[in-house]
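Here is a quick tour for anyone meeting this chain for the first time. Take a look at it before reading on.

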Amino acid sequence: ASGGVDTNDGLSPSRPKKTIAAGYALLRHGEADQLLLKRGDAWDTPLGRLKKGGKSATAPMVFGAYGPGALRPTLRTAAAAGIEAAPSTGQDSLSFVTIRWIEFQAGSVTDRSNGIKWTHSGGDLVVEDCKFSGYEIGPHFQGFPATTGWLDRVTNRRCAILDCYPPSSITHSQGCYAERI
């Protein structure tokens, strides 16, 4: 958060971490931990590559927002995906993840990626009330049954997906892409 310090324990709004990396380091795979970003704050970094998932469908790992007001925390991700989950993350599958109330903004016209790029097996993924702007693809969900497995039980609701366009004339853009789910 804007008032955070990475030496804080990050366990309450009165003792926030400053960087996303420091907050992410506190999360435990297989637990219902939360990484909450302060509403109205902005970071010039993506959430990055996920290597951790939640405990169950009723106890997911949550990436969201805290604080008063309706503004979403903003991640300005340049050419990187806002959040990425791929088989090379070291987990057999990633499941039980909720992403809500976050705004993802792409970089320049030539720096295009995906707001969310989830190409890992797993399930019980919820993306809710997020905003994606300027990406080649807003959220991208894709399972690979022959190699890594299916992606099951994906929910994408109440998201704003704006101004998607390709990085060059030889590609195309899509608001959302979903396959083998």
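What follows covers the overall build, the surface and the core.

## Ground rules

This is a predicted model, where local features need pLDDT of at least 70, side-chain atom pairs count only at pLDDT 80 or more, and totals for chains, interfaces and linings use all residues. Numbering starts from 1 along each chain as its sequence is written, and side-chain values use heavy atoms, with hydrogens and water left out.

## Overall build

The chain has 1 helix and 15 strands (DSSP runs: H or I of at least four residues for helices, E of at least two for strands, numbered from the N terminus). With a radius of gyration of 16 Å, close to the 16 Å from the globule rule for 181 residues, the chain is as compact as a globular protein of that length (taken over C-alpha atoms; the rule is 2.2 Å times the number of residues to the power 0.38).

## Inside and out

Buried residues account for 45% of the 181; buried means under 20% relative accessible area, exposed over 50%, and partly exposed in between, with a 1.4 Å probe and protein chains only.

## The core

The largest nonpolar core has 28 residues, and Phe63, Ile99, Ile102, Phe104 and Trp118 touch the most other members. Such a core is a set of buried Ala, Val, Leu, Ile, Met, Phe, Trp, Tyr and Cys residues joined through side-chain atoms within 4.5 Å. S7 gives the most to this core, with 3 residues.

Beyond its neighbours within four places in sequence, Phe63 is in contact with residues including Tyr24, Leu35 and Val97 (heavy atoms within 4.5 Å).
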